[in-house]
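Welcome! Please take a moment to look over the sequence and the structure shown here, and then we can walk through some local features together.

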Amino acid sequence: MRSSAAWVFRRGNGPTARIAVPSFPMAAPRDDRPRLDRWLERAFGDAESGRLGTGWLSGTASVFLGTLGLGAVLVLWFPQWLSTERFRSLYPLPVLRGLIQGVIALAFVAGVVSLFLRRRKVLGLTGCTLAAIAALLGGGRVALPETVSAGPSLGLDWFLLNLFLLALLFVPLERAFPRLPGQGTFRLGWTTDAVHFGMSHLLVQVLSFLILVPAVTVTSVLEPHGLQAVVRAQPLWLQIPAAILVADLAQYAVHRAFHEVPLLWRFHAVHHSSRDLDWLAGSRLHVVDAVVTRGLVLVPLQLLGFSETALYAYLVFVSFHAVFIHANVRFRLDALEPFLVTPRFHHWHHAAADEARDRNFAVHLPWLDRVFGTSYFPPGQWPPQYGIAGNPVPESYLAQLVYPLRPERVSSTTE
Ligand SMILES: [Zn+2]
Ligand SMILES: [Zn+2]
């Protein structure tokens, strides 16, 4: 067997004749974890049990909350550079200040609990140190400048808030109702997905600008005022589901193109490379995939002139729903399944099995796939395995970023 580098494009996530693919079940060696996964395990891991009462949960919570608290204090210190311009005026500051104080206090308490319970003290010590630094820097009481001028900034505020809310909701849900109980919160590649999550939030300013480009360009040459007036005159209860339908129709088309156009597939393959699905796995999206998909979905929404409230309602819905459909949860949602995409439906989209390849493109309305003949949804069953045959996509964030642009290494049995 020899290896050669060549530009190889594939349709969908299946094998082609040119690629030697390991047979299923996929050899999924757990030692090909990203370096960051391994580094964190070396820094914080130990051989002790992670069960309740061993100081693992309190220690992990302490590090998580300490990181959030310190990050939030840094946002208060440097709002010019670390807060999202268009969100600044929306924050209920007294509430947030109280929340920051509470998070720092909880991080400290949880850290102390872990220090008492666990033999290895690194989790508790790290959490307490982060909380102490956050408190010494002023905690939630840091004074803000009178004015913060417009300009380039990172969305650290947006990152911390979303991470706090989503982790608070989904981590307990996945622990209480896991579809795969053996899959931990810190499963293979979680750090890579966390970096994807971080980058898409920190760069929210530039990404939002890029996402708006197609809609602004189209509406600058085509603005159907009459139609927009009719749409905007509709009540919200009608506009919101209509916006979801229009968005999912556009999303279906773009998503299908990302599967069927070989060059686009190389970008979208990053999303399909997750071998374990959970709430964080949905964040694994190549930046080109994210910008192109969201940018094109916004075009019909802007053209039709949905009201700002309807658009915001759609954005809030999509933010939570997109996370939910990737989650490692076993809810029986039989009554909902024909109408709304559920985790089981989207998990089949991520299935490694050949028969599920290039199926279930809709992300909100599963009946769109039935209408277009692309549905694959065996009643009551879950996919046995996720990912892409042969695991061609590398596991680290940076390698995933350049993956679509690099010649693919292929193995060949022929001389
Ligand atoms: Zn896909
Ligand atoms: Zn997905």
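Which residue just after α5 takes a positive phi? Glycine 138 does, with a phi of about 115°.

## About the model

This is a predicted model, in which local features need pLDDT of at least 70, side-chain atom pairs count only at pLDDT 80 or more, and totals for chains, interfaces and linings use all residues. Residues are numbered from 1 along each chain as its sequence is written, chains are lettered from A and ligands numbered from 1 in the order in which they are written, and side-chain values use heavy atoms, with hydrogens and water left out.

## Helix α5

Helices here are DSSP runs of H or I with at least four residues, numbered from the N terminus. Helix α5 covers residues 122-136, and its end C-alpha atoms are 21 Å apart, which agrees with the 21 Å that its 15 residues should span at 1.5 Å a residue. That expected span is 1.5 Å times one less than the number of residues.

The buried residues of α5 (buried means under 20% relative accessible area, with a 1.4 Å probe and protein chains only) are Leu123, Gly124, Gly127, Cys128, Leu130, Ala131 and Ala134. Seen down the helix axis, they fall within an arc of 160°, so they line one face of α5; the arc is taken from the directions from the axis to the C-beta atoms. These buried residues pack against α1 (35-44), α2 (56-77) and α4 (93-117), where contact means heavy atoms within 4.5 Å.

Donors are N, O and S atoms within 2.8 Å of the metal (3.2 Å for Na, K and Ca); water is not among the atoms, so sites may look incomplete. Histidine 255 and histidine 259 sit four residues apart in helix α10 (residues 236-260), about one turn of the helix. Histidine 255 is buried at 5% relative accessible area, and histidine 259 is buried at 0%.

The zinc ion (ligand 2) has His271, His326, His346 and His350 as protein donors, each through NE2, at 2.1 Å. Its four donor atoms subtend angles of 93 to 154°, which makes the arrangement irregular. Histidine 346 and histidine 350 are both buried.

## A loop with positive phi values

The loop between α14 (343-349) and α15 (367-371) holds aspartate 358, whose phi is near 55°. Asparagine 360 is found in the loop between α14 and α15, with a phi near 60°. Both values are positive in a residue other than glycine. Aspartate 358 is buried at 6% relative accessibility, and asparagine 360 is buried at 0%.

Key. Four donors count as tetrahedral if all angles lie between 85 and 135 degrees; four count as square planar and six as octahedral if opposite donors are over 155 degrees apart and all others between 65 and 115; anything else is irregular. Buried means under 20% relative accessible area, exposed over 50%, partly exposed in between (1.4 Å probe, protein chains only). Helices (H or I, at least four residues) and strands (E, at least two) are DSSP runs, numbered from the N terminus.
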